[in-house]
Amino acid sequence: VLWAIVIGLVIRNTVGVPALFRPGVGTYEFWLKIGIVLLGARFLLGDLAKLGGFSLGLILIDMAVATAVILLVGHLFGLGGKLSTLLAVGTSICGVSAIIAGRGAIDADDEDSGYAIAAILALGAVALFSFPSIGHALALTDIQFGLWAGLAVDNTAETTSPRSLASATCRSGRSCSASRAWA
Amino acid sequence: VGLNFDLRELARAGVRPLIVAALGLVVVAACSLGLVLLTSGWLTG
């Protein structure tokens with residue numbers, strides 16, 4: 001999903017979208033909604049409980065704190081309520097997917113959702129390289145690092161990569177998956 | 001989403017939203033790290 005968005009962004013801002021394809025591209029919201037429904041259909045609550053019931057408590061606390069802080073800072077920086085909300089859900093819940101879902105819920109415009117997605121992607125790239133170093137510096141165990149990356153890194157793709165960079169053993173761990181799935 | 005995203009509009013919005021999102025990531029990272037370290041005894045036990 002991330003690569004599809006990045007490739008589309010590059011095409012739009014370099015060669016542009018040919019007029020022939022613009023009507024089709026304009027239908028993207030319909031396909032987004034279909035995708036969100038299918039995303040929800042992938043998860044069975046029982047499976048999630050088996051994977052990481054413990055991480056649910058942690059992520060609820062994490063989401064509440066992060067959402068409150070981002071909305072407050074966004075207000076202090078003079079950002080619009082919808083952009084702050086999209087940044088909050090993108091950062092505290094699950095990155096691009098959450099922004100796409102939240103966009104429909106609050107009826108945000110293209111500019112706000114596009115900016116929120118770009119910010120989340122940029123920060124995800126920063127996390128990709130910084131989290132393994134921090135994990136090593138703090139001597140986190142595989143379980144601790146997996147849980148931390150799953151809670152803190154916005155997108156599943158960026159969560160999996162630092163986990164793999166941090167430890168070969170951690171690749172087989174379930175903490176990241178559990179935290180991301182809950183998110 | 002990507003094909004509908006105009007970088008020139010992003011540039012017009014300035015750096016403030018990026019700063020807010022970056023602060024959010026720092027808060028999330030710090031908060032979640034604290035929670036993980038606080039509960040590590042329970043995790044390993």
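**Overview**

Among contacts in chain A between residues at least 6 apart in sequence, 67% join residues at least 24 apart, where contact means heavy atoms within 4.5 Å. This is a predicted model, in which local features need pLDDT of at least 70 and side-chain atom pairs count only at pLDDT 80 or more, while totals for chains, interfaces and linings use all residues. Residues are numbered from 1 along each chain as its sequence is written, chains are lettered from A and ligands numbered from 1 in the order in which they are written, and side-chain values use heavy atoms, with hydrogens and water left out.

**The two chains**

- Chain A comprises 9 helices and 0 strands; helices (H or I, at least four residues) and strands (E, at least two) are DSSP runs, numbered from the N terminus.
- Along its sequence, chain A reads α-α-α-α-α-α-α-α-α.
- Of the 183 residues in chain A, 44% are buried; buried means under 20% relative accessible area, exposed over 50%, and partly exposed in between, using a 1.4 Å probe and protein chains only.
- Chain B holds 3 helices and 0 strands, in the pattern α-α-α.
- In chain B, 40% of the 45 residues count as buried.

**Contact between chain A and chain B**

- The contact involves 44 residues from chain A and 36 residues from chain B.
- About 3,800 Å² is buried between chain A and chain B, with carbon and sulfur atoms giving 80% of that area; buried area is the accessible area (1.4 Å probe) that two parts lose on being put together, summed over both.
- Between the chains there are 0 salt bridges, a salt bridge being a side-chain nitrogen of Lys or Arg within 4 Å of a carboxyl oxygen of Asp or Glu.
- There are 5 residue pairs in polar contact between chain A and chain B, with both residues at pLDDT 80 or more. A polar contact is a pair of N or O atoms within 3.5 Å; within protein, one must be able to donate a hydrogen and the other to accept it, and residues adjacent in sequence count only if both atoms are side-chain atoms.
- On the side of chain A that touches chain B, helix 1 (2-13), helix 3, helix 4, helix 5, helix 6 and helix 7 (142-152) each supply at least two residues.
- Helix 4 of chain A gives the most to that side, with 10 residues.
- By class, this side of chain A has 33 nonpolar, 7 polar and 4 charged residues. Ala, Val, Leu, Ile, Met, Phe, Trp, Tyr, Cys and Pro count as nonpolar, Asp, Glu, Lys and Arg as charged, and the others, Gly among them, as polar.

**Nonpolar cores**

- The largest nonpolar core has 24 residues, and those with the most contacts inside it are A:L83, A:L87, A:V96, A:I99, A:A116, A:I117 and B:V20. A nonpolar core is a set of buried Ala, Val, Leu, Ile, Met, Phe, Trp, Tyr and Cys residues joined through side-chain atoms within 4.5 Å.
- At least two residues of this core come from each of helix 3 (28-41), helix 4 (45-76), helix 5 (81-106) and helix 6 (110-137) of chain A and helix 2 (16-38) of chain B.
- Apart from this core lies another, of 19 residues, including A:L58, A:A127, A:W148 and B:A29.
- Neighbours within four places in sequence aside, A:L83 is in contact with A:D112, A:Y115, A:A116 and B:P17.

- A:T91 lies in helix 5 of chain A and counts as buried because its relative accessibility is 2%.
- A polar atom of the A:T91 side chain lies 2.8 Å from the backbone oxygen of A:L87.
- A:D107 is placed in the loop between helix 5 and helix 6 of chain A.
- A:D107 has a positive phi of about 55 degrees although it is not a glycine, and it is exposed, with a relative accessible area of 61%.

- Helix 7 of chain A is largely enclosed by the rest of the structure, because 9 of its 11 residues are buried.
- The buried residues of helix 7 of chain A include A:F145, A:W148 and A:L151.
- A:Q144, found in helix 7 of chain A, counts as buried at 11% relative accessibility.
- Not counting residues up to four places away in sequence, A:Q144 touches A:A139, B:V36, B:L37 and B:S40.
- A:A139 lies in the loop between helix 6 and helix 7 of chain A and counts as exposed at 59% relative accessibility.
- The phi of A:A139 is near 55 degrees, a positive value in a residue other than glycine.
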